[in-house]
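We will go from one selection to the next, with a short note on what to look for at each stop.

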Amino acid sequence: MTKVAINGAKGKMGLALIDSINLNKNVNFGGGFDKGDSLDMALDDFDVLIDFTRPEATLSALSSCLSSSKAMVIGTTGFSDDELETINQASNIIPIVFAPNMSIGVNLTLKILETSAKVIGPDSSIEIIESHHRYKVDSPSGTAIKMGEVVANALGRDLSKCAVYGREGIEEPRDMNTIGFSSIRGGDVVGEHTVAFFMEGERVEITHKASSRMIYANGAVRAAYWLHNKPNGLYSMQDVLDL
């Protein structure tokens, strides 16, 4: 039985993760940690740590997991390039599942987006619109960026060079090779993402809507069970779901 611990256990996502663990017969709850708790004192109590906190807290937990060769599932977003490299380097020592969205539906959507981009992307203007609750501090969301990366890669583009984040004022006509992002924050929206392919005479929209945090929690717990005893490496939910 895989023992799974939660970092950020007192937050909304942490509580959802604990509920998911208790409902999953393949795993046991290996402990919950929050601000001020010492992860180092309980490293023998779990096999895999799930972290949906903030970059600084996640990197601190990552350091503890490295010291004891514990696997880690990371759902935190908002990392800098240097912080992403830290995670990448850590995966040479421990197994890590790192995904901006653990939802099974979102990850299936990513696969659909890859196919759609290859078929209709070259002839369309592509816009990504995401909505979240008013407490979400990073934008665009990690999921929106991941969707942009999937589409850009399918088209042979570099997202860092073709992304446009918001528009204001008078501009030149839209460049067909860009990928636009729009972020909406308000209320209690769990998460909604739409990728729109605008063509002459028609439009294709691919949308995922989340109504409960449990979809992320269930996916993360599934990832933790899958990750236990895997070799060192950096894995995605696409690997977990064999997509």
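A salt bridge here is a side-chain nitrogen of Lys or Arg within 4 Å of a carboxyl oxygen of Asp or Glu. Keep in mind that this is a predicted model.

Start by selecting Arg203 and Glu205: their side chains meet in a salt bridge, at 2.7 Å from N to O. Glu205 is partly exposed, with a relative accessible area of 45%. The structure holds 7 salt bridges, and among them are those that share partners and join Lys111, Glu114 and Lys118 into one network.

Next, show strand β6 (residues 125-132), which contains Glu127. The side chain of Glu127 forms a salt bridge with that of Arg167 (2.8 Å, N to O). Arg167 sits in the loop between β7 (163-165) and β8 (179-185), 40 residues apart from its partner. Which of the two is buried? Glu127 is, with a relative accessible area of 11%, while Arg167 is partly exposed at 42%.

Arg185 belongs to strand β8, 55 residues apart from Glu130. Glu130 is buried at 1% relative accessible area; Arg185 is partly exposed at 28%.

Now colour the open sheet, with 6 parallel strands in the order β2-β1-β3-β4-β5-β11. Its edges are β2 (27-33) and β11 (233-235). Zoom in on β1 (residues 2-7), joined to β2 by 5 bridges; Thr2 has Val27 as its bridge partner.

Finally, select helix α2 (residues 55-68), which lies across β1, β3, β4 and β5 and runs at about 165° to β4.

Notes: Residues numbered from 1 in each chain as written. Predicted model: local features only at pLDDT ≥ 70, side-chain atom pairs only at ≥ 80, totals over all residues. Heavy atoms only, no water. Pairing = 2+ DSSP bridges. Helix = DSSP H or I, 4+ residues; strand = E, 2+ residues; numbered from the N terminus. Contact = heavy atoms within 4.5 Å. Axes fitted to C-alpha atoms, helices over the stretch in contact; angles between N-to-C directions. Buried < 20%, exposed > 50% of the residue type's maximum accessible area, 1.4 Å probe, protein only.
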